[in-house]
Every structure is written in C-alpha cells, then in structure tokens.
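User: I am new to this structure and would like a guided look at it. Could we begin with the model itself?

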Amino acid sequence: QEITDSINYAQRIQQSILPSFKEINETYSNVFIFFQPKDIVSGDFYWFKKINEHEFLLACADCTGHGVPGAFMSMICSEKLSEGFLHSKRPDKILFYANNGIKEALRQNQQDEGKSKDGMEIALISYNTLTKQLCYSGANRPLWIIKSNSSEVHETKPTKASVASFTESNFEFSL
C-alpha cells in the first residue's frame with residue numbers, strides 16, 4: 001500500500017509538468033489530448049509552449065521505459081525541452097539543445113561503461129495560426145497529417161535517431 005501511495009503521489013507530480021488542456025485550447029481550439037499511462041506514471045508525455053499570440057510549440061514524446069523509470073525520464077526530458085526553448089523557437093534546434101542537455105544530465109558523454117543509454121522519441125511542431133505555417137522535427141516519431149476534408153494520411157518521416165541515447169553531442173535533427 002505504501003508503494004502504491006508513493007506512486008500515486010508521483011503521478012500528481014508528473015501531472016503538474018503537463019500543460020493544461022485549457023492553456024492549449026485557448027491558443028488553438030478544436031484539439032483533444034489522449035494521455036493514458038499504461039501504469040500510474042508514464043514515460044510518455046506531451047509538451048506545449050506558447051511563442052507569441054499566434055505561434056506555439058507542441059510535442060508528443062515517448063521516453064525510455066514505462067512506469068516509475070519512464071516517469072523519471074519524462075521529467076528530465078520535459079525540463080530539457082523547456083531549456084531548449086530558452087535558446088531557440090525552432091523545433092530542430094530545441095531537439096539539439098535537449099539532446100545535449102539530456103546527455104549531460106545522464107552523464108552519457110562520459111566514457112565509463114554502464115552509463116545510461118536512455119533517451120526519448122519525439123514529434124515536435126511549431127505552428128503559426130495566422131500563416132498556417134507548420135514546422136516539424138522528429139526523433140524516431142513521424143508526423144501524420146489528416147486533412148478534415150480528406151481521409152488521406154500524409155506522413156513526414158522523422159530523423160532516424162532518438163534524442164540522447166546513442167546520438168553524438170552535436171547531432172543535428174532535420175527540420
């Protein structure tokens with residue numbers, strides 16, 4: 001019971017880093033969020049940052065692991081995306097900064113054996129509601145676009161590498 005209570009408390013902490021539906025819906029209406037952790041806490045998370053009145057960033061991420069280990073990773077990765085946002089508003093550059101930040105946080109750049117090779121797969125977009133311009137960068141997560149007047153699915157391929165994990169420190173993600 002104590003372990004379950006502890007994990008339930010961890011769920012409240014993890015949920016506190018997730019953007020509110022209200023915040024996202026006020027910036028871009030007609031959206032939904034489907035977030036259903038396999039366990040009480042999750043290695044999956046979504047991330048949102050408003051750039052200005054008409055632009056925002058939105059990500060869907062899957063970190064290494066599930067349950068408690070995945071939740072630890074999601075907390076680290078979410079924070080590193082936010083730090084990347086302080087350096088750039090471009091999805092590819094944010095992933096660049098997150099890649100280096102996660103590698104540093106997990107000490108993946110050190111030569112010691114047994115170091116963590118954990119990371120995340122992510123689809124990250126920026127969108128301008130005025131110009132309808134969408135920019136995408138992905139790490140092993142494609143972007144699927146389904147237009148409302150069509151059943152056709154358009155897929156944009158991601159960079160075939162995870163953020164952190166086995167990438168080099170100065171690895172560039174495509175835009």
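This is a predicted model: local features need pLDDT of at least 70, side-chain atom pairs count only at pLDDT 80 or more; totals for chains, interfaces and linings use all residues.

User: What volume does the largest pocket have?

Analyst: The largest pocket has a volume of about 1600 Å³. A pocket here is an open set of points on a 1 Å grid over the protein atoms alone, where a 1.4 Å probe fits, with protein on both sides within 12 Å along at least five of seven lines; lining residues have an atom within 4 Å of a point. Points are joined across faces, edges and corners, and the volume is the space filled by probe spheres set on them.

User: Which lining residues are closest to its centre?

Analyst: They are Phe32, Leu58, Ile125, Leu143 and Trp144, out of 34 residues that line the largest pocket. The lining divides into 25 nonpolar, four polar and five charged residues. Ala, Val, Leu, Ile, Met, Phe, Trp, Tyr, Cys and Pro count as nonpolar, Asp, Glu, Lys and Arg as charged, and the others, Gly among them, as polar.

User: Which element gives the most to that lining?

Analyst: Strand β2 does, with six residues. Strands (E, at least two residues) and helices (H or I, at least four) are DSSP runs, numbered from the N terminus.

User: And the second largest pocket, what lines it?

Analyst: That pocket, with a volume of about 170 Å³, is lined by residues including Ser6, Ile7, Val41 and Phe72. Helix α1 gives the most to this lining, with five residues. Eight of the lining residues are nonpolar, two are polar and none is charged.

User: Changing topic: is Ser82 buried or exposed?

Analyst: Ser82 counts as buried because its relative accessibility is 19%; buried means under 20% relative accessible area, exposed over 50%, and partly exposed in between (1.4 Å probe, protein chains only). Ser82 lies in helix α3. Leaving aside neighbours within four places in sequence, Ser82 is in contact (heavy atoms within 4.5 Å) with Trp47 and Lys49.

User: How far apart are the end C-alpha atoms of α3?

Analyst: They are 31 Å apart, which agrees with the 30 Å that its 21 residues should span at 1.5 Å a residue. The expected span is 1.5 Å times one less than the number of residues.

User: What do the buried residues of α3 pack against?

Analyst: They pack against α1, β1, β2, α4 (91-105) and β3. Among these buried residues are Gly67, Met73, Cys77 and Phe85.

User: Where is Ser126?

Analyst: Ser126 is in strand β3, and it is buried, with a relative accessible area of 11%. Its contacts, not counting residues up to four places away in sequence, include Phe56, Lys89 and Gln133.

User: What stands opposite Ser126?

Analyst: Cys135 in β4 does. Strands β3 and β4 (residues 134-139) pair in the antiparallel sense over five bridges; two strands pair if DSSP finds at least two bridges between them. They form a hairpin with five residues between them, and Lys132 in the turn has a positive phi of about 60 degrees.

User: What about β1 and β2?

Analyst: They form a hairpin with four residues between them, and pair in the antiparallel sense over seven bridges. The bridge partner of Phe45 is Ala61 in β2.

Technical notes
Residues are numbered from 1 along each chain as its sequence is written. Side-chain values use heavy atoms; hydrogens and water are left out.
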